[in-house]
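Trainee: Please show me the model, and let me ask how its terms are decided.

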Amino acid sequence: MRTQVGIIGAGPAGLLLAHLLHRAGIDSVVIETCSRTYVEERIRAGLLEQHAVDILTETGLGERLRREGMFHDGVELRFDGEGHRIDLHGLTGKRVTIYGQQEVVKDLIAARLAAGLPLLFEAEGIALSGLDDPRPRITYQSADAEHSVECDLIAGCDGFHGMCRGAIPPARLTTYDRVYPFAWLGILAAAPPAAHELIYARHERGFALATMRSPTLSRHYLQVAPEENIAAWSDDRIWAELHARMARHDGARQINEGPIRQRGITAMRSFVTEPMRHGRLFLAGDAAHIVPPTGAKGMNLAIADIRVLALAIEAFYAGRGEGLLDAYSTIALRRVWNAQRFSWWMTSLLHRFDHEDPFEHKVRVAELDYICRSPAGAMTLAENYVGLPLELPV
Ligand code: RFL
Ligand code: PHB
């Protein structure tokens, strides 16, 4: 088999790249190890920056998003028992949208299959070869047969645990890594959200976040120890901890309880690979970098990478040479490092560190107070949270 761009991984990055390339008249094949059901039901990110909503809408995928997305003009920071609203829209003119990652993935898969384009699930033994040649290859097994796809370019969109990053000789990469001394316990519950907008709470018992998926589905997160055993968290313990960490001085109770439909623990890590290219292989999304989820940047960064990469690939096929392909990694990494900085900052500001001394605690609370009281402080949070302007190659 032969294609122009071979895409490894059917997460938001791989599927969006296939979609943008198709609209530009460029062929691709998407190869994924998991099943369609698994990929469509994996609950992960929930918050889209304006640029992500814009690209989905502009390319024909906005219909359900417009109907089911929840558009937020602000966000609440809660500490010392009081809530403070940051007016994202008033400060930046932009808003954020709650629309589950799996909904984005479902919309992209539906569009690809409706167009009759190649998207292969449950492929095994995926391997890359000839990355330094003009015709690199992807080999894999499917339905007990061996397959080989000859490509011009390969996009490694196979997430943090994928194989593409490992296909690059380690000596050609520099990696930056930070593992945090805590994790997030996340639940999805059949209960109305705590409030119209998200609440990020800093509390001496640890961080908590109240978010949502729909008017009847809440998503909540609690900071826990990295080695925490989920079996130690009964429903009652989860609700009690959420009530405690979200508590307000006025005694108002906001978290609505309901049947817990899904629960899980996620480690927290910052990780970057440089450069995001080796020969004909281009890494994008979690395959190249991950952030702790506090700033809600992971999926948004994956989408930003893809927008830059898609334009570079279009320029390549339009006969404009490899200049933009060469610039891809540098342009993408500028945004990646800004998002790393912001995610690290939000994480440090809102979480409880085991060995935090009272001085550090006071300084963090003072910084939160500054963000909430000073227009300049609020703007620093707001412009990063809604997403800094996207730099696209020209
Ligand atoms: P994905 O989604 O991991 O997709 C990679 C795909 O590749 C497949 N795969 C392979 N395919 C072929 N061959 C192989 N060898 C393969 N190995 C793996 C996988 O099965 C998968 O289908 O990466 P992508 O596309 O780069 O997307 C990145 C996002 O998924 C990730 O950054 C976000 O989920 C992070 N994240 C958040 N991001 C946000 O922008 N906003 C949020 O609110 C937000 N909240 C979160 C999050 C991540 C979380 N967890 C669970 C890590 C909240 C949480 C709790
Ligand atoms: C989510 O809705 O899952 C979500 C929202 C904001 C975050 C992280 C996760 O910072």
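Mentor: Start with a definition: on a 1 Å grid over the protein atoms alone, a cavity is a set of points where a 1.4 Å probe fits but cannot get out, and lining residues have an atom within 4 Å of a point. This is a predicted model, where local features need pLDDT of at least 70, side-chain atom pairs count only at pLDDT 80 or more, and totals for chains, interfaces and linings use all residues. Residues are numbered from 1 along each chain as its sequence is written.

Trainee: How many cavities of 30 Å³ or more are there by this rule?

Mentor: The count is 3. The largest cavity has a volume of about 100 Å³, a volume being the space filled by probe spheres set on the points, with grid points joined across faces, edges and corners.

Trainee: Which residues line the largest cavity?

Mentor: Among them are Glu49, His51, Lys297, Arg335 and Phe342. α9 gives the most to this lining, with 4 residues; helices are DSSP runs of H or I, at least four residues, and strands are runs of E, at least two, numbered from the N terminus.

Trainee: What makes Asp144 exposed?

Mentor: Asp144 has a relative accessible area of 83%. Exposed means over 50%, buried under 20% and partly exposed in between (1.4 Å probe, protein chains only), so Asp144 is called exposed. Asp144 lies in the loop between β10 (137–142) and β11 (145–150), and has a positive phi of about 65° although it is not a glycine.

Trainee: Which residues does a cis peptide bond join?

Mentor: Glu274 and Pro275, with omega about -10°.

Notes: Chains are lettered from A and ligands numbered from 1 in the order in which they are written. Side-chain values use heavy atoms; hydrogens and water are left out. On a 1 Å grid over the protein atoms alone, a cavity is a set of points where a 1.4 Å probe fits but cannot get out, and a pocket is an open set with protein on both sides within 12 Å along at least five of seven lines; lining residues have an atom within 4 Å of a point.
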